[in-house]
Amino acid sequence: MSQPAPSAASRPALLRFLGGVRTVTGSKFLVESDHARILVDCGLFQGVADLRRRNWDKLPCDARDIHAVVITHAHLDHCGYLPRLVRHGFRGPILAGAATARLAEIVLRDSARLQMEAAEHANRHGWSKHRPAKPLYDDDDVDHTVSFFDPVPVGSDIEIMAGTGLRLHHGGHILGSAWVRLTLEDGHTLVVSGDLGRPGHPLLLPPEPFTGADVLLVESTYGNRRHDHESAQREFASVITRTLSRGGTVVIPAFAIDRTEVVLHELATMRGDGSLPRHVPVYVDSPMALAALDVYRDAIRSHSPELRPEVLAVGEAVISPDPFLAARTVQESIDINNTAGPAIIVSSAGMATGGRVLHHLHRILPDPRNAVVIVGFAAAGTRSRDLVDGARNLKMFGEYVPVRAEVADVPHFSAHADADQILDWLGAAPAPHTTYLVHGEETAAETLRDRISDELGWTAVVPRSGEAVLVR
Ligand SMILES: [Zn+2]
C-alpha cells in the first residue's frame, strides 16, 4: 500500500519468525534491512518443557549485532528474554512506552527471582536434568537490562536509526501496551499487533484501529473463539458467591499485570453492590502484582490517555475492593494460610507455573468447599490448563495433590481481543501484501487465517518457527 522509493542500495528487509508462532509464548520477530537489525518483542517461551527448552537455544544472529529492540508490552511472553539477550551482548536501546518500561522492570525482576529459586530448588532436591541447574538469567542481568530501556512516546514518529522509523499506537491490552509500525529503509512498512486488547476492557480504551501496512503480523490467541464478557462477569460473580456460601476459599491465579487489576475491579464492583460481604477478606498475594498495581494507580492519578474516562472520573477506588489486604512479605503470605473462614486470594503466576499461588493451591485443592477460578488464557502444559482440563491430581513441589475443589474456567476475562474483535480491528484498512498470523496455538492461528482470507480476501499465512520472508 505504500509507495516505496527504493534507493539503488536498499534491498527488501528480511523478517524472521524466531518465536511466538504456532504458540502463544516466546514472541520474537527479527527485521533485517541493509543497515538496521531490529528485534520486535523479546519474549520468553513458557509452558511445556519442549518450549521452555527453546529459551536455551542460540539466536540465528549474534545479540551484539542487533541494533535495537522494540517491546510491545510488559508481559513475560513479550519481554522475558531481554536479560538473556543482554547477557549475550546486546547493547542497543530497548524502545517501549513509558508504562511498559516501568512494568517490564517489575516483570523481569520477578522472572529472575523465580528462575533463581527454581534452579536452587532443583539443585537442593536433585530433580533437574542439568547439574548444576542454572537460571536463564539473574538479578544482575536484569539490572543491566533495565539500563537500556529508552521510553518513547506513543503516537509520535521517531527514528530508530537513519532511514528506519518507529511509531507506537495504543494497544488497549494492558497498561502501556502498543502495536508497532516500522518504516523500513526502502520505504516498506511493517506492523506488529503485539497483543490486542478487547474493546470491552473495563479500564483501558480500545486499541487504535489498524490503518494499513505492507506486511502485518497479527496475534491470534483467541483466533477461534468468541468472548462473552457479560456472561463471564456473571459466572465470575456466581462462583464466588457459591463458594463463599459453602464456607470455602477462592483462589484466583492472576497474571500479575492487568488481570489482577481487572479482577480487583470486578471485586470492587461486587463490594459496591453488596454481593461480596465486607467481612470476607480479599488478599493480593504477589509482590509483583502489588508493584504493578502501583503503576496502574499512578496512571489513574496522572489521567493517562489510555484509560477510560469513567475510570478517571471514579479514581483509584475503581480497583480497590476495600478492605483488601496486600501480602508483600513471605511471612504475610504464610499468614494467609492461618486465617480461618472464607477468603478470596488473588495470587500469581497466572498459569500457576510458579510463584506463591502454588502454596495456596496446595492447601485449598483437596477441600471440595473451595474453588479455583482461572481467569485468563491457560497455555498447554501449564497447571492452569491441567485444572481446566479436569486433572484429578496436580503435581507441585515434587508430589501429587488431589483436586477436589471446584474449578471454574472464566477465560473471557482475558485481556485479548477475540476473533470478531480482531477482524473489526483490521476493519477498513487496505489489504497488506501479506498478513501473518502469530501468537496463537495452531488451530487458533489457522482458524483466524481462514477467516481473514475468506471474509477480507487478504493473503493470510501461518508462518513456521524460524521461517524468513521478505517485507515487500
Ligand atoms: Zn500480553
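This is a predicted model: local features need pLDDT of at least 70, side-chain atom pairs count only at pLDDT 80 or more; totals for chains, interfaces and linings use all residues.
**Helix α7**

Helix α7 covers residues 259-272. It has 14 residues. From its first C-alpha to its last, α7 reaches 20 Å, close to the 20 Å expected at 1.5 Å a residue.

How many of the 14 residues of α7 are buried? Twelve are, so the helix is largely enclosed by the rest of the structure. The buried residues include Val262, Val263, Leu264, Leu267, Ala268 and Met270. Residues with charged side chains are on the list too: Arg259, Glu261, Glu266 and Arg271 are buried. Thr260 and His265 are also buried.

An α-helix has 3.6 residues a turn, so residues three or four places apart point the same way.

What covers the buried residues of α7? The cover includes two helices, α6 (229-245) and α8 (287-301). It also includes the strands β12 (250-253), β13 (282-285), β14 (324-327) and β15 (344-347). After α7 comes Gly274, and its phi is positive, near 85°.

**Thr434**

Thr434 sits in strand β20, which covers residues 434-438. Is Thr434 buried or exposed? Its relative accessible area is 7%. The cut-off for buried is under 20%, so Thr434 counts as buried.

The side chain of Thr434 makes a polar contact of 2.8 Å with the side chain of His433. Leaving out residues up to four places away in sequence, Thr434 touches Asp214, Val215, Leu216, Thr459 and Val461.

**Empty spaces**

Rolling a probe the size of a water molecule over the atoms shows where empty space is left. In this model, the count comes to one cavity of 30 Å³ or more.

| Space | Volume | Nonpolar lining residues | Polar lining residues | Charged lining residues |
|---|---|---|---|---|
| Largest cavity | about 40 Å³ | four | five | three |

Which residues line the largest cavity? Among them are Ser27, Phe29, Asp41 and His78. Val192, Ser193, Gly194 and Asp195 line the cavity as well. So do Leu217, Glu219, Val438 and His439.

The second largest pocket has 17 lining residues. Ala98, Ala99, Gly176, Ser304 and Glu306 lie nearest its centre. Two helices, α4 (98-125) and α8, each give two or more residues to this lining.

Note on methods
Residues are numbered from 1 along each chain as its sequence is written. Side-chain values use heavy atoms; hydrogens and water are left out. Helices (H or I, at least four residues) and strands (E, at least two) are DSSP runs, numbered from the N terminus. The expected span of a helix is 1.5 Å times one less than its number of residues. Buried means under 20% relative accessible area, exposed over 50%, partly exposed in between (1.4 Å probe, protein chains only). Contact means heavy atoms within 4.5 Å. A polar contact is a pair of N or O atoms within 3.5 Å; within protein, one must be able to donate a hydrogen and the other to accept it, and residues adjacent in sequence count only if both atoms are side-chain atoms. On a 1 Å grid over the protein atoms alone, a cavity is a set of points where a 1.4 Å probe fits but cannot get out, and a pocket is an open set with protein on both sides within 12 Å along at least five of seven lines; lining residues have an atom within 4 Å of a point. Grid points are joined across faces, edges and corners, and a volume is the space filled by probe spheres set on the points.
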